[in-house]
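Here are my notes on the model, as numbered points.

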Amino acid sequence: MTVSRRLFMAAAVSTAVAASSVSIPVTTAAAATRPGGAEPPYRIPIGPGDSPESVVAKASRVRPTARQIAWQKLEQTAFLHFGVNTFTGLEWGTGDEDPNVFQPSGLDTDQWARALRDGGFTLAILTVKHHDGFVLYRTRYTEHGVASSSWRGGKGDVLASFAKSLRRYGIKVGVYISPADENQYLDGVYANGSKRSARTIPTLTPDDDRAGDDPRTFTLDATDYGAHMLNQLYEVLTEYGPVDEVWFDGAQGRIPPDKVETYDWDSWYTLIRALAPNATMAVRGPDVRWVGNEGGLARENEWSVVPVKDSGNGSIDYALAYDAPDQGSRAALAEARSVAQYVQWWPAECDVSIRPGWFYHEDEKPKSVEQLTDIWFRSVGRNSVLLLNIPPDERGLLPDADVTRLREFRERIRKELPKDLADGARTRHDRKAGTVTVDLGRAREVDRVRIAEDIRHGQQVEHAVVEARVGDTWRTVTEVDTVGASRALRLAAPVTARRWRLRVTRSRGAVRIAEFGLYRSQV
Ligand code: FUL
């Protein structure tokens, strides 16, 4: 289902449904915490002084940023884990690898891009640096990278090739840059105890080729390692064209947990916003949160407005445990009041690998279409964005089996949700009753339903019922406790009816329904 088609649906059925059970005091405007105080707020302060009702009222007022809205529309994004681990067979490298182990025999990033485009991916994220610290582009700041390998005589640059191919095929570029860096820990400045102080970025190296160019410079507070990250971010964000996602992982790799490097998140975020204003910062970032597992599975009820706490140097974290089954309901919001500093628009991203490992290992096989389809319904279908990893092999190609699987997966989703039977059907909105009613013209069999709120107006639905007119009565077909940007539902068995209704029975504020789609799957 394309974005433009979904927007068309929005125009067709958009309605404002009155809040049915909660009265929202519209005049209690909480302070916006965006720079400049611009409305609407993507986060609002909360605390123990808030009543359970006032936290809900604040959550209802939270809105996504334009960047978050654009990211949410991507629906399905790809991850590519590629690096020294591809050749050593490890999942977490050691940081002291011989750069010569990196020897892709036939790197073809156009093949990656074609496979991703054919699989329906709109953005892909490359592990430019994983925890081992080996970088896939020609950096000035470490010898642990492609430039030190005999591969292509030290002239190879995977990031350059990746970015060029993706753009050629209309796919957005994302970069994974691991904060944990085993090479810098063993043989560099990671956790060296240096103080945070003002640093000039880029820090020009002796014989720096940029010296005469008068590069744009920044003065930012950082430790030695923080400055190392800033210099690498600067290179990646200024020399490879526009970047749409910067992915920071929370894991430490093999670095002992007592070797603490306090990351300079505030400075890293400032530099990224300045150099790549459209880039979403995930998942140790302010724009997108990790869903809390690596199986690609969202909670049945996934809220995009969640309580968060400050976690140092301008970063945030889950206020409740990251794997808690409930992050945003009334009960969760009430519970979080004593530990959270904000309710924030922080939507979930579901990462998972098509294979058991994140990196390619010869003896592993891709997941079945059935498994991937289930993941799709439990991620994209649950108000989240799917981030599916497809690891290139030692040749530097996506394996044939995975390429075929991606195509089959896309075909399968098309068959799950083929033609929207409600498209062009007579639709009636009753704002007072909180309903959208669709007349299909004749009785039709339906076994898949897709609903969406227009998230520009926040996430409001707390309970909604899908009903079919059977004889003289409306019969409940399915019900949900959240909707958000995308809720796709599989019915236990097909239901035949001419008239269908979506009824919002409980909400936090005025609801705008952007989509009420009805489908008969062909699987
Ligand atoms: C994890 C990392 O430790 C894995 O190696 C992988 O990159 C995954 C996406 O994130 O935390």
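**Notes on the predicted model**

1. Aspartate 363 is exposed, because its relative accessible area of 65% is over the 50% cut-off. The model is a predicted one. Aspartate 363 sits in the loop that runs between strand S14 (348–353) and helix H11 (369–377). Its C-alpha atom is separated by 45 Å from that of leucine 333, and the two residues are 30 apart along the chain.

2. The aromatic pairs come to a count of 25. One of them joins phenylalanine 248 and tryptophan 268, with ring centres 5.7 Å apart. The pair is classed as tilted because its planes meet at 45°, which falls between the limits of 30 degrees for stacked and 60 for edge-to-face.

3. Where do phenylalanine 248 and tryptophan 268 lie? Phenylalanine 248 is in strand S8 (residues 245–248) and tryptophan 268 is in helix H9 (residues 265–275), so the pair ties together parts that are 20 residues apart in sequence. Phenylalanine 248 has 0% relative accessibility and therefore counts as buried. Tryptophan 268 also counts as buried, at 0% relative accessibility.

4. Tryptophan 268 has a further aromatic partner in tryptophan 265. This pair is edge-to-face, at 5.2 Å centre to centre and with 70° between the planes. Both tryptophan 265 and tryptophan 268 belong to helix H9, where they are 3 residues apart, about one turn of the helix. Tryptophan 265 counts as buried because its relative accessibility is 5%, under the 20% limit.

5. A separate point concerns clustering of rings. Phe82, Phe87, Phe102, Trp112, Phe134, Trp151 and Phe162 form one aromatic cluster.

6. Arginine residues also sit over aromatic rings. The charged end of arginine 43 is placed over the ring of tyrosine 342, at 3.9 Å from the ring centre. For arginine 508, the charged end lies over the ring of tryptophan 303, and the distance to that ring's centre is 3.7 Å.

7. Which residues does the domain annotation cover? According to UniProt, in an unreviewed entry, "domain: Glycoside hydrolase family 29 N-terminal" covers residues 100–409. In the model, this span of residues 100–409 is 26% helix and 19% strand. The C-alpha atoms at the ends of the span lie 36 Å apart.

Technical notes: Residues numbered from 1 in each chain as written. Predicted model: local features only at pLDDT ≥ 70, side-chain atom pairs only at ≥ 80, totals over all residues. Heavy atoms only, no water. Helix = DSSP H or I, 4+ residues; strand = E, 2+ residues; numbered from the N terminus. Buried < 20%, exposed > 50% of the residue type's maximum accessible area, 1.4 Å probe, protein only. Phe/Tyr/Trp six-rings, centres within 6.5 Å; stacked < 30°, edge-to-face > 60°. Lys NZ or Arg CZ within 6 Å of the ring centre and 35° of its normal. UniProt positions renumbered as here; feature names shortened; annotations may be inferred.
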